[in-house]
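Hello,

Here is the structure I promised to pass on to you. Please load it first, and then read my notes below.

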Amino acid sequence: MPEPAEKPTHFIHEIINADNAALKWGTWPDSGTPRVHTRFPPEPNGYLHIGHAKSICLNFGLAEQYAGKCNLRFDDTNPEKEEEEYVRSIIEDVRWLGFHWDGASKAAASAGGDPKAGVIFSSDYFEKMYEWAVRLIEKGKAYVCDLTAEQTREFRGTLTNPGRNSPFRDRPVAENLDLFARMARGEFADGSRTLRARIDMASPNLNLRDPVMYRIVHATHHNTGDKWCVYPMYDWAHGLEDSIEGITHSICTLEFENHRPLYDWFIDAINEGEPPDRRIHHPQQIEFARLELTHTLMSKRKLLELVKGGHVRGWDDPRMPTLSGLRRKGYPPEAIRNFAADIGVAKFNSTIDVVRLENAVREVLNKSAPRRMAVLRPLKLVITNYPEAGESLEAVNNPEDAAAGTRMVPFSRELYIEQEDFQETPPKGYFRLFPGNEVRLRYAYFVRCTGFIKDPETGAISEVHCTYDPATQGGDSPDGRKVKGTIHWVSAPDAIEAEVRLYDHLFTAEDPENVPAGGRYLDQLNPTSLVTLRGCKLEPSLATAACHRDEHGAIAPDRVQFERHGYFATDPDGTPGMPVFNRTVSLKDTWAKAQKKK
């Protein structure tokens with residue numbers, strides 16, 4: 001079992017350490033260690049994004065640190081927006097990040113067991129929540145209201161003006177019980193009635209102005225089918241779910257801070273006047289700052305608009321901040337965990353530069369990704385004095401990992417190089433190929449440009465001619481002469497073709513939602529967020545690169561570094577003999593430099 005954290009690194013550690021020292025929540029009966037029980041409670045109304053990853057790492061990480069438990073619970077209280085597809089994707093995302101909830105062992109998951117084993121649904125508690133709602137009606141603390149949604153908003157008041165009591169606020173208890181039972185039986189139309197808490201319409205906290213607890217919805221629920229015609233509001237369900245599960249530390253983002261008094265009121269109202277055996281557990285809520293990233297949209301509603309509007313190819317488009325999109329892009333899960341640990345946990349909102357996330361990815365891939373040569377915009381290079389018979393040259397797989405060893409790469413008279421590695425008339429400071437200049441071919445020889453051929457119709461360079469120095473095999477000159485340029489290459493007869501997708505930030509603006517008056521966040525879309533290159537030439541060792549499934553069934557790409565280009569990952573669109581590679585991240589942060597120039 002992991003050792004409890006002794007030195008706090010953020011304020012939640014301090015709270016838990018103090019609770020444990022006082023044995024505030026008791027101990028686990030099987031181990032005697034102080035009880036720490038967290039949960040990750042996503043709504044299954046969309047795919048998880050990088051912001052959710054911070055919460056996942058925090059909640060599951062705390063449970064691991066303190067030898068506690070963490071539940072995966074779906075807050076599925078809105079049947080009109082929730083889908084089984086989202087449930088499956090969330091389960092896959094949490095497992096991909098390397099976490100396992102209470103009731104689901106890693107061994108069972110890897111053995112192909114039920115992916116939902118141990119998963120909890122709010123809808124599993126609908127019966128209990130309904131009973132507690134009846135208890136509040138009986139205590140005169142809840143009533144059925146016939147105001148429309150628009151009227152309810154009007155009666156609620158403003159931040160500066162108190163609300164007004166509903167004309168139905170003083171209905172007799174018996175009438176409220178009858179109406180609520182009939183609402184549950186489906187006797188009334190959607191929106192015609194609600195069940196509201198009877199608190200204080202003059203409260204400075206708008207959340208306490210007789211909030212709606214239940215609304216009528218005639219819709220099929222993904223988990224309960226057509227059993228229910230009334231559904232609990234999120235605020236009614238949230239604290240009660242934590243109570244049922246015995247959660248000790250209910251960790252939420254800051255926007256729920258003003259909701260905490262309501263959650264406390266609901267539990268206190270249920271417990272009021274009850275004997276000990278009917279009183280329910282009262283969890284402790286702690287708020288922290290959510291993750292905000294530059295050039296990134298975090299609204300699930302707007303991400304759904306991007307998908308439905310065809311602005312991206314789906315929830316798993318590598319330009320999306322969804323975990324499935326980042327996974328398809330080639331992000332390693334450990335990089336996201338490292339990033340979450342690096343940014344820490346705070347009480348105040350701030351925006352993190354997306355470069356910090358990308359650097360976390362670079363750090364992991366630099367150590368783990370094998371190096372390969374790939375020419376993305378090919379130009380034929382002919383070494384006129386090289387023999388017809390080729391050879392194989394030794395190349396390093398990863399200079400950061402000696403154990404990765406080397407590989408043999410075919411070399412021939414005809415090669416492909418990048419178009420940008422030749423200039424007919426070079427600018428000042430250009431050290432690659434141009435007429436008369438000598439460069440080093442990576443792992444190979446020095447070559448000197450002797451000429452070139454142009455396409456007679458377009459005038460574009462179609463072929464470059466060079467001679468090579470056989471004495472420079474391996475890329476060094478025995479006579480000590482130096483060259484300033486080193487370029488990569490691929491043997492033309494041995495090259496495999498591939499499609500390469502160069503992904504960039506989806507939005508040009510640092511804050512996509514901060515738009516001028518009359519504008520839309522869609523106006524900030526980056527027109528070059530995806531550049532697709534076809535006919536790219538790759539070294540033959542990449543012929544078998546492909547996507548496969550990890551132990552949890554999630555797409556697991558092969559990740560490589562294309563020398564001088566960046567880190568890339570195989571895409572499931574690829575086929576045998578025609579792989580597709582997605583750029584995961586460039587070798588350096590070129591985005592900030594390009595934006596500064598603009």
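Let me start with the inside. In the largest nonpolar core, which has 42 residues, the members that touch the most others are I50, I56, V94, L293 and I336. By nonpolar core I mean buried Ala, Val, Leu, Ile, Met, Phe, Trp, Tyr and Cys residues joined through side-chain atoms within 4.5 Å; buried is under 20% relative accessible area, exposed over 50%, and partly exposed in between, with a 1.4 Å probe and protein chains only. Two or more residues of this core come from each of α2 (50–65), β2 (69–74), α3 (84–96), α11 (323–329), α12 (333–343) and α13 (354–368). Helices (H or I, at least four residues) and strands (E, at least two) are DSSP runs numbered from the N terminus.

Before going on, a note on the source: this is a predicted model, where local features need pLDDT of at least 70 and side-chain atom pairs count only at pLDDT 80 or more, while totals for chains, interfaces and linings use all residues. Residues are numbered from 1 along each chain as its sequence is written, and side-chain values use heavy atoms, with hydrogens and water left out.

Back to I50: beyond its neighbours within four places in sequence, I50 is in contact (heavy atoms within 4.5 Å) with L291, L293, M298, P321, L323, L326, I336 and L357. Another core, of 36 residues, lies apart from the largest one and includes V144, M183, A184 and I270.

Helix α1 (residues 11–21) may interest you too. Its buried residues are F11, I12, H13, I16, N17, D19 and N20, and they pack against α2, β8 (249–253) and β9 (284–288). Just after α1, L23 has a positive phi of about 50°.

Now to strand β14 (residues 378–383), which has two partners to look at; strands pair if DSSP finds at least two bridges between them. With β17 (residues 414–418), β14 pairs in the antiparallel sense over five bridges, and K380 stands opposite Y416. With β20 (residues 461–469), β14 pairs in the parallel sense over four bridges, and here L381 stands opposite V464.

Finally, the overall figures. The protein has 14 helices and 29 strands, and its C-alpha trace spans about 100 × 60 × 40 Å along the principal axes. Of its 598 residues, 53% count as buried. Among contacts between residues at least 6 apart in sequence, 70% join residues at least 24 apart.

Best wishes
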